[in-house]
Amino acid sequence: MKHVITLVFAAMLAVNWAFAAETLLQPFSVWEKGGWNNWGEIVAKADAGELNQEGQEWIVDLARYHAGKIDATELWKRTATTLVAGDYARKYGEIGFRILLNEPAESTAAAPIRAEMDAALAGENAEAAKAARGGYARLAEKQGNYELAWEYFISSGMYANNAANVAGILLKDKANAATVYQGALQLFETGVDAQSARRLIPALQKAAVYAKIPAAEVRGALETVQRLYADRAIGDTDDAKSWGIVLGALRDSIAAWK
(Lines give C-alpha, C1' and ligand atoms only; values in the text may rest on other atoms or scores of the structure.)
Protein backbone atom coordinates (compact mmCIF):
# COMPACT_ATOMS: atom_id res chain seq x y z
CA MET A 1 0.00 0.00 0.00
CA LYS A 2 2.83 2.36 0.90
CA HIS A 3 4.42 1.64 -2.48
CA VAL A 4 1.17 2.54 -4.27
CA ILE A 5 0.87 5.81 -2.34
CA THR A 6 4.46 6.68 -3.21
CA LEU A 7 3.78 6.08 -6.90
CA VAL A 8 0.62 8.19 -6.81
CA PHE A 9 2.45 11.01 -5.04
CA ALA A 10 5.28 10.88 -7.59
CA ALA A 11 2.77 10.99 -10.44
CA MET A 12 1.05 14.01 -8.88
CA LEU A 13 4.37 15.80 -8.58
CA ALA A 14 5.15 15.06 -12.22
CA VAL A 15 1.78 16.42 -13.32
CA ASN A 16 2.19 19.53 -11.20
CA TRP A 17 5.69 20.13 -12.59
CA ALA A 18 4.48 19.69 -16.15
CA PHE A 19 1.58 22.09 -15.55
CA ALA A 20 3.92 24.65 -14.01
CA ALA A 21 6.31 24.35 -16.94
CA GLU A 22 3.47 24.91 -19.39
CA THR A 23 2.26 28.03 -17.56
CA LEU A 24 5.73 29.62 -17.34
CA LEU A 25 6.85 31.98 -20.06
CA GLN A 26 9.38 30.93 -22.69
CA PRO A 27 12.51 33.12 -22.83
CA PHE A 28 12.24 33.38 -26.63
CA SER A 29 8.66 34.69 -26.49
CA VAL A 30 9.65 37.32 -23.90
CA TRP A 31 12.67 38.28 -26.02
CA GLU A 32 10.59 38.57 -29.20
CA LYS A 33 7.77 40.52 -27.56
CA GLY A 34 10.29 42.91 -26.02
CA GLY A 35 11.85 43.83 -29.35
CA TRP A 36 14.98 41.68 -29.07
CA ASN A 37 16.84 43.98 -26.67
CA ASN A 38 14.88 43.70 -23.42
CA TRP A 39 17.76 42.07 -21.58
CA GLY A 40 16.92 43.43 -18.13
CA GLU A 41 13.36 42.12 -18.35
CA ILE A 42 14.55 38.63 -19.28
CA VAL A 43 17.03 38.54 -16.39
CA ALA A 44 14.41 39.80 -13.93
CA LYS A 45 11.87 37.17 -14.99
CA ALA A 46 14.50 34.43 -14.88
CA ASP A 47 15.59 35.43 -11.38
CA ALA A 48 11.95 35.52 -10.26
CA GLY A 49 11.39 31.97 -11.55
CA GLU A 50 8.90 33.12 -14.18
CA LEU A 51 10.61 31.45 -17.15
CA ASN A 52 10.72 27.88 -18.36
CA GLN A 53 14.34 27.92 -19.49
CA GLU A 54 14.55 24.33 -20.71
CA GLY A 55 16.32 24.36 -24.07
CA GLN A 56 16.54 28.17 -24.00
CA GLU A 57 19.08 28.72 -21.23
CA TRP A 58 21.35 30.37 -23.79
CA ILE A 59 18.90 33.24 -24.20
CA VAL A 60 18.94 33.93 -20.47
CA ASP A 61 22.75 33.76 -20.44
CA LEU A 62 22.85 36.16 -23.39
CA ALA A 63 20.58 38.51 -21.44
CA ARG A 64 22.82 38.26 -18.39
CA TYR A 65 25.79 39.19 -20.57
CA HIS A 66 24.07 42.24 -22.08
CA ALA A 67 22.82 43.26 -18.64
CA GLY A 68 26.37 43.13 -17.29
CA LYS A 69 25.78 40.14 -14.99
CA ILE A 70 28.37 37.90 -16.66
CA ASP A 71 31.26 38.70 -19.00
CA ALA A 72 31.84 37.50 -22.56
CA THR A 73 34.27 34.79 -21.55
CA GLU A 74 31.75 33.27 -19.15
CA LEU A 75 28.96 33.50 -21.73
CA TRP A 76 31.05 31.66 -24.32
CA LYS A 77 32.08 29.05 -21.73
CA ARG A 78 28.46 28.36 -20.87
CA THR A 79 27.61 27.43 -24.47
CA ALA A 80 29.28 24.08 -23.78
CA THR A 81 26.34 23.15 -21.55
CA THR A 82 23.48 25.40 -22.70
CA LEU A 83 23.64 24.46 -26.39
CA VAL A 84 23.13 21.06 -27.96
CA ALA A 85 26.34 19.73 -29.47
CA GLY A 86 26.51 20.84 -33.09
CA ASP A 87 24.18 23.82 -32.66
CA TYR A 88 26.55 26.07 -34.56
CA ALA A 89 23.79 28.38 -35.76
CA ARG A 90 23.17 29.65 -32.24
CA LYS A 91 26.79 29.43 -31.14
CA TYR A 92 28.20 31.48 -34.02
CA GLY A 93 25.15 33.23 -35.48
CA GLU A 94 23.66 34.41 -32.20
CA ILE A 95 26.22 34.34 -29.39
CA GLY A 96 29.54 34.59 -31.23
CA PHE A 97 28.22 37.39 -33.43
CA ARG A 98 27.09 39.46 -30.45
CA ILE A 99 30.33 39.01 -28.53
CA LEU A 100 32.41 40.00 -31.57
CA LEU A 101 30.18 43.03 -32.08
CA ASN A 102 30.48 44.22 -28.48
CA GLU A 103 34.03 43.29 -27.49
CA PRO A 104 37.29 44.81 -28.81
CA ALA A 105 38.58 42.75 -31.74
CA GLU A 106 41.82 41.67 -30.07
CA SER A 107 40.42 41.26 -26.58
CA THR A 108 40.91 38.01 -24.67
CA ALA A 109 37.17 37.41 -25.03
CA ALA A 110 36.85 38.04 -28.78
CA ALA A 111 40.10 36.60 -30.11
CA PRO A 112 39.41 32.91 -29.34
CA ILE A 113 35.87 33.18 -30.73
CA ARG A 114 37.09 34.68 -33.97
CA ALA A 115 39.79 32.00 -34.16
CA GLU A 116 37.20 29.25 -33.73
CA MET A 117 34.86 30.75 -36.33
CA ASP A 118 37.75 31.23 -38.78
CA ALA A 119 38.70 27.59 -38.28
CA ALA A 120 35.09 26.61 -38.95
CA LEU A 121 35.15 28.57 -42.22
CA ALA A 122 38.20 26.66 -43.37
CA GLY A 123 37.13 23.29 -41.94
CA GLU A 124 35.26 20.33 -43.38
CA ASN A 125 32.16 20.59 -41.17
CA ALA A 126 29.64 22.15 -43.56
CA GLU A 127 27.16 23.14 -40.84
CA ALA A 128 29.85 24.85 -38.76
CA ALA A 129 31.15 26.71 -41.82
CA LYS A 130 27.65 27.80 -42.78
CA ALA A 131 26.94 29.12 -39.28
CA ALA A 132 30.27 30.96 -39.15
CA ARG A 133 29.45 32.68 -42.44
CA GLY A 134 26.04 33.61 -41.03
CA GLY A 135 27.60 35.05 -37.90
CA TYR A 136 30.15 37.03 -39.88
CA ALA A 137 27.37 38.25 -42.20
CA ARG A 138 25.47 39.75 -39.28
CA LEU A 139 28.66 41.26 -37.90
CA ALA A 140 29.58 42.84 -41.26
CA GLU A 141 26.05 44.25 -41.61
CA LYS A 142 26.20 45.88 -38.17
CA GLN A 143 29.65 47.27 -38.93
CA GLY A 144 28.48 48.77 -42.24
CA ASN A 145 30.51 46.50 -44.51
CA TYR A 146 27.55 45.71 -46.73
CA GLU A 147 29.42 44.14 -49.64
CA LEU A 148 31.02 41.59 -47.31
CA ALA A 149 27.72 41.10 -45.47
CA TRP A 150 25.95 40.33 -48.76
CA GLU A 151 28.63 37.84 -49.74
CA TYR A 152 28.32 36.00 -46.42
CA PHE A 153 24.52 36.12 -46.37
CA ILE A 154 24.38 34.56 -49.82
CA SER A 155 27.00 31.89 -49.16
CA SER A 156 25.45 30.92 -45.82
CA GLY A 157 21.81 31.03 -46.92
CA MET A 158 20.98 32.30 -43.42
CA TYR A 159 19.17 35.41 -42.16
CA ALA A 160 17.40 36.18 -45.42
CA ASN A 161 15.50 39.07 -43.85
CA ASN A 162 18.81 40.69 -42.91
CA ALA A 163 19.97 40.03 -46.45
CA ALA A 164 16.92 41.93 -47.73
CA ASN A 165 18.00 44.93 -45.62
CA VAL A 166 21.48 44.78 -47.14
CA ALA A 167 20.07 44.42 -50.67
CA GLY A 168 18.17 47.66 -50.25
CA ILE A 169 21.30 49.46 -49.09
CA LEU A 170 23.46 48.05 -51.88
CA LEU A 171 20.92 49.08 -54.52
CA LYS A 172 21.48 52.73 -53.62
CA ASP A 173 24.47 52.30 -55.93
CA LYS A 174 23.38 50.90 -59.30
CA ALA A 175 26.84 49.40 -59.77
CA ASN A 176 25.80 46.70 -57.27
CA ALA A 177 22.69 45.72 -59.21
CA ALA A 178 24.02 42.62 -60.97
CA THR A 179 25.51 41.29 -57.71
CA VAL A 180 22.22 41.81 -55.87
CA TYR A 181 20.23 40.19 -58.69
CA GLN A 182 22.33 37.03 -58.76
CA GLY A 183 22.53 36.86 -54.99
CA ALA A 184 18.78 37.18 -54.54
CA LEU A 185 18.19 34.35 -56.98
CA GLN A 186 20.64 32.20 -55.04
CA LEU A 187 18.84 32.96 -51.78
CA PHE A 188 15.52 31.85 -53.28
CA GLU A 189 17.16 28.60 -54.39
CA THR A 190 18.57 28.06 -50.89
CA GLY A 191 15.26 28.82 -49.20
CA VAL A 192 13.63 31.85 -47.58
CA ASP A 193 10.58 32.54 -45.45
CA ALA A 194 7.53 34.50 -46.54
CA GLN A 195 8.54 37.73 -44.82
CA SER A 196 11.95 37.70 -46.50
CA ALA A 197 10.46 36.74 -49.88
CA ARG A 198 8.05 39.68 -49.70
CA ARG A 199 11.06 42.01 -49.49
CA LEU A 200 13.49 40.16 -51.75
CA ILE A 201 11.17 39.90 -54.77
CA PRO A 202 10.94 43.70 -55.22
CA ALA A 203 14.71 43.97 -54.61
CA LEU A 204 15.36 41.38 -57.29
CA GLN A 205 13.20 43.27 -59.79
CA LYS A 206 14.77 46.61 -58.93
CA ALA A 207 18.21 45.08 -59.39
CA ALA A 208 17.10 43.65 -62.74
CA VAL A 209 16.03 47.08 -63.95
CA TYR A 210 19.29 48.71 -62.83
CA ALA A 211 21.39 45.91 -64.32
CA LYS A 212 19.34 45.99 -67.55
CA ILE A 213 18.55 42.28 -67.40
CA PRO A 214 16.37 41.27 -70.40
CA ALA A 215 12.67 41.10 -69.52
CA ALA A 216 12.34 37.49 -70.69
CA GLU A 217 15.16 36.45 -68.37
CA VAL A 218 13.62 38.26 -65.41
CA ARG A 219 10.22 36.73 -66.11
CA GLY A 220 11.80 33.28 -66.24
CA ALA A 221 13.58 33.90 -62.95
CA LEU A 222 10.36 35.01 -61.25
CA GLU A 223 8.53 31.98 -62.63
CA THR A 224 11.24 29.78 -61.15
CA VAL A 225 10.68 31.39 -57.77
CA GLN A 226 6.95 30.81 -58.19
CA ARG A 227 7.49 27.10 -58.88
CA LEU A 228 9.91 26.70 -55.96
CA TYR A 229 7.41 28.06 -53.44
CA ALA A 230 4.02 27.14 -54.92
CA ASP A 231 3.30 24.49 -52.29
CA ARG A 232 4.00 26.87 -49.40
CA ALA A 233 0.61 28.53 -49.85
CA ILE A 234 -1.31 25.27 -49.38
CA GLY A 235 -3.24 24.95 -46.12
CA ASP A 236 -4.86 27.14 -43.48
CA THR A 237 -1.81 28.01 -41.38
CA ASP A 238 -0.66 31.60 -40.90
CA ASP A 239 2.47 30.76 -42.87
CA ALA A 240 0.42 29.41 -45.79
CA LYS A 241 -1.69 32.56 -45.79
CA SER A 242 1.45 34.71 -45.79
CA TRP A 243 2.80 32.77 -48.74
CA GLY A 244 -0.54 33.16 -50.50
CA ILE A 245 -0.16 36.94 -50.32
CA VAL A 246 3.47 36.76 -51.50
CA LEU A 247 2.69 34.49 -54.43
CA GLY A 248 -0.33 36.55 -55.43
CA ALA A 249 1.88 39.64 -55.69
CA LEU A 250 4.47 37.57 -57.53
CA ARG A 251 1.90 36.55 -60.16
CA ASP A 252 1.16 40.20 -60.79
CA SER A 253 4.88 40.92 -61.10
CA ILE A 254 5.38 38.11 -63.58
CA ALA A 255 2.57 39.44 -65.75
CA ALA A 256 4.25 42.87 -65.82
CA TRP A 257 7.49 41.50 -67.28
CA LYS A 258 6.53 41.06 -70.92
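The model is a predicted one. Its chain has 258 residues, and 41% of them count as buried.

- Reading along the sequence gives the pattern α-α-α-α-α-α-α-α-α-α-α-α-α-α.

**Aromatic rings**

- How many aromatic pairs does the structure hold? There are 10 of them.
- A ring pair is described by two values: the distance of the centres and the angle of the planes.
- Take Phe 28 and Trp 36 as one case. Their ring centres are 5.4 Å apart and their planes stand at 65°, so this pair is edge-to-face. The cut-off for that label is an angle over 60 degrees.
- Phe 28 has a relative accessible area of 35%, so it is partly exposed.
- Trp 36 is partly exposed too, because its relative accessibility is 38%.
- Are Trp 31 and Trp 39 buried or exposed? Both are buried.
- Ring pairs join five residues into a cluster: Phe 28, Trp 31, Trp 36, Trp 39 and Trp 58.

**Two residues with positive phi**

- Trp 36 is not a glycine, yet its phi is positive, at about 75°. This residue sits in the loop between α2 (27-33) and α3 (39-47).
- Tyr 159 is not a glycine either, and its phi is positive at about 55°. Its place is the loop between α9 (146-156) and α10.
- Tyr 159 also has a charged neighbour over its ring. Arg 138 lies over the face of Tyr 159, at 4.8 Å from the ring centre.

**A pair of helices**

- Helix α10 covers residues 160-170, and helix α12 covers residues 194-211.
- How do the axes of α10 and α12 cross? They come within 9 Å and cross at roughly 25°.
- That angle makes α10 roughly parallel to α12, because angles under 35 degrees count as roughly parallel.
- The crossing of α10 and α12 is left-handed.

**Ser 107 in its loop**

- Where is Ser 107 found? It is in the loop between α6 (88-102) and α7 (110-122).
- Ser 107 has a relative accessibility of 17%, so it counts as buried. The limit for buried is under 20%.
- The side chain of Ser 107 reaches the backbone nitrogen of Ala 110, at 3.1 Å.

**Sequence distance and space**

- Glu 74 lies in helix α5, which covers residues 72-82. Its relative accessibility of 27% makes it partly exposed.
- Glu 74 and Ala 109 are 35 residues apart along the chain, and their C-alpha atoms are separated by 9.0 Å.
- Ala 249 lies in helix α14, residues 238-256. It counts as partly exposed, at 42% relative accessibility.
- Ala 249 and Pro 202 are 47 residues apart in sequence. In space, they are 9.9 Å apart, C-alpha to C-alpha.
- Ile 95 is found in helix α6. Its relative accessibility is 0%, so Ile 95 counts as buried.
- Ile 95 and Ser 155 are 60 residues apart along the chain, and 20 Å separates their C-alpha atoms.

Conventions:
Residues numbered from 1 in each chain as written. Predicted model: local features only at pLDDT ≥ 70, side-chain atom pairs only at ≥ 80, totals over all residues. Heavy atoms only, no water. Helix = DSSP H or I, 4+ residues; strand = E, 2+ residues; numbered from the N terminus. Buried < 20%, exposed > 50% of the residue type's maximum accessible area, 1.4 Å probe, protein only. Polar contact = N/O pair within 3.5 Å; in protein donor to acceptor, adjacent residues only side chain to side chain. Phe/Tyr/Trp six-rings, centres within 6.5 Å; stacked < 30°, edge-to-face > 60°. Lys NZ or Arg CZ within 6 Å of the ring centre and 35° of its normal. Axes fitted to C-alpha atoms, helices over the stretch in contact; angles between N-to-C directions. Parallel < 35°, antiparallel > 145°, perpendicular 65-115°, else oblique. Left-handed = near helix turned anticlockwise from the far one by under 90°.
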